[in-house]
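Trainee: I've got a model open on my screen and would like to talk through its aromatic side chains. Can we go over it together?

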Amino acid sequence: QMIRPIAMNRSAALSTDAQAWMQGNARVKAWEWGFWALAFALPWLWPSHSLLVNEVAITALFAVSLDLILGYTGIVSLGHAAFFGFGAYCAALFAKHLHPDPMLGLLVGTAAAGVLGAVFSLSILRGSDLTRLMVTLGACLLLGELANKLDWLTGGADGLQGVMMGPVLATFDFDLMGQVAAWYSLAVLLLLFGLSRRLVHSPLGASLVAIRDNRLRAMAIGVPVNARLALVYALAAAMAGAAGSLQAQTTGFASLDVFGLDRSADLLLMLVIGGTGWLYGGVFGAVAFKLMQSVISGWTPQYWTFWIGLFLVVLVLVGRERLFKPWTWWRSKA
C-alpha cells in the first residue's frame, strides 16, 4: 500500500518533467526571431534577387514537409513530389477555370494534396523501407503520366499555361521583381512551420518519435501506430501541396517537371545537408542547396552538379558537426 503512492508520485514527477521539457523545446529562441526577420527583410534589402528568395521559401516548405515524415516517423519517401505536383496542378486549374484568388487556390491545392496523402497513406503502413520507396516512387510516376495523358485538362507536355493570379488579400499585386511573391511564400512558410513546430513538440509529436525509434514498443504501450502514421503522412502531403500551390501561383505555370524524380532526390539531399528530425534542418538545407546551386551554376553552368556532389561526399565523410563546427575536431581529440 505504501509502494502505490510512491509510484504515483514518481509517475507524476516524470510527467511534469516531460511536459516542462517539451515546453522548453517549443519555446522560440532569440536567434529564431532574428532569422525570420532577416528572411522577410531580404526582398526589401535585396530586391533584384526576390525571385530567388521566393524559390528558396517554397523549397524550404517542401523540405520541411518531408522532414515531418522522414525525421519524426522514419518513413522514407522517394515520391514526395507527387503531392507537390498535385497541389501545383490543382491550384493552377482552380485559378484558370474558377477563381484567381491566391488564398483560395492555396487552400484548394493544400486540401487536395492532403486528401491524396490520406489515400496513399494506406500503402505505407505495411512493408519495409524498400517497399515504401518503391510505392511512393510508383505513385509519383503514375500521377506524372496521368498529367501527361490528360492534355485536354493539364496541357500535357506543354504544361498548363495562361494562369493569371489575382492580388494577394485583394490588395497586393504580383510584381515582376517578385517581392510580393517572396513575402507571400515566406508568410505561408512561417505559418506552416509554426504549426509543424507546435505539432512535433506536443504529446502527438513525442508519440511519433516513439514510433520512429521502436514501432513494436510503441504499439505495446498503446500508441495507435497506424492512425498516427496516416495522420502525419496526410499532414506532410498537405504541406507539400501548399508548396506546389505556391510554385504554380508565383510562376503562373504548371508543367510535368513538378512530378520529376530529381525534385524528390534534391529534397533528400537538402535534408542530408541540414539534418533530419529538426525542422530547421529542412529550412537550412534548402537555403544551402539553392544558394550553392545558384552560385556554382553561375561559375560553371555545365559542372555545378559535380561540385555539389563533392560537397555532399565531404559532408558524409567528415560529418555535419565537424564540417560546420571545425573546433569540434580538437574537442574530440582531447
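This is a predicted model: local features need pLDDT of at least 70, side-chain atom pairs count only at pLDDT 80 or more; totals for chains, interfaces and linings use all residues.

Trainee: Which residue forms an aromatic pair with Phe259, and is the pair stacked or tilted?

Mentor: The ring centres of Phe259 and its partner, Tyr89, are 5.8 Å apart, with 10° between the planes. Planes under 30 degrees apart count as stacked. So the partner is Tyr89, and the pair is stacked.

Trainee: How many residues apart in sequence are the parts that Tyr89 and Phe259 tie together?

Mentor: Tyr89 sits in helix 4 (residues 81–97). Phe259 is in the loop between helix 11 (225–251) and helix 12 (261–274), so the pair links parts whose separation in sequence is 170 residues.

Trainee: Is Tyr89 buried or exposed?

Mentor: The cut-off for buried is under 20% relative accessible area. Tyr89 has 5% relative accessibility, so Tyr89 counts as buried.

Trainee: What is Ser255 in contact with, leaving aside its neighbours within four places in sequence?

Mentor: Ser255 is also placed in the loop between helix 11 and helix 12. Its relative accessible area is 14%, and Ser255 is buried. With those sequence neighbours set aside, its contacts are Tyr89 and Gly159.

Trainee: Back to rings. How many aromatic pairs does the structure hold, and why is the pair of Trp31 and Phe284 called tilted?

Mentor: The total is 17 aromatic pairs. For Trp31 and Phe284, the centres are 6.2 Å apart and the planes stand at 40°. Stacked needs under 30 degrees and edge-to-face over 60, so at 40° this pair is tilted.

Trainee: Which helices do Trp31 and Phe284 lie in?

Mentor: The pair ties together parts 253 residues apart in sequence. Trp31 is partly exposed at 42% relative accessibility, and Phe284 is partly exposed at 29%. Trp31 lies in helix 2 (residues 30–45), and Phe284 in helix 13 (residues 279–299).

Trainee: Which residues form one aromatic cluster with Trp31 and Phe284?

Mentor: Trp31 and Phe284 make a tilted pair, and both belong to one aromatic cluster.

Trainee: Last one: where does the largest share of the nonpolar patch come from?

Mentor: The patch is on the surface and consists of Leu38, Trp44, Leu45, Trp46 and Trp183, with about 570 Å² of accessible area together. Leu38, partly exposed at a relative accessible area of 48%, lies in helix 2. The largest share, three residues, comes from helix 2.

Methods. Residues are numbered from 1 along each chain as its sequence is written. Side-chain values use heavy atoms; hydrogens and water are left out. Rings of Phe, Tyr and Trp (its six-membered ring) pair if their centres lie within 6.5 Å; planes under 30 degrees apart count as stacked, over 60 as edge-to-face and the rest as tilted. Helices (H or I, at least four residues) and strands (E, at least two) are DSSP runs, numbered from the N terminus. Buried means under 20% relative accessible area, exposed over 50%, partly exposed in between (1.4 Å probe, protein chains only). Patches are made of residues with over 30% relative accessible area and no salt bridge: like charges are joined within 9 Å, nonpolar side chains (Val, Leu, Ile, Met, Phe, Trp, Tyr) within 5 Å. Accessible areas come from the Shrake-Rupley method with a 1.4 Å probe; for residues, only the protein chains shown count as cover. A salt bridge is a side-chain nitrogen of Lys or Arg within 4 Å of a carboxyl oxygen of Asp or Glu. Contact means heavy atoms within 4.5 Å.
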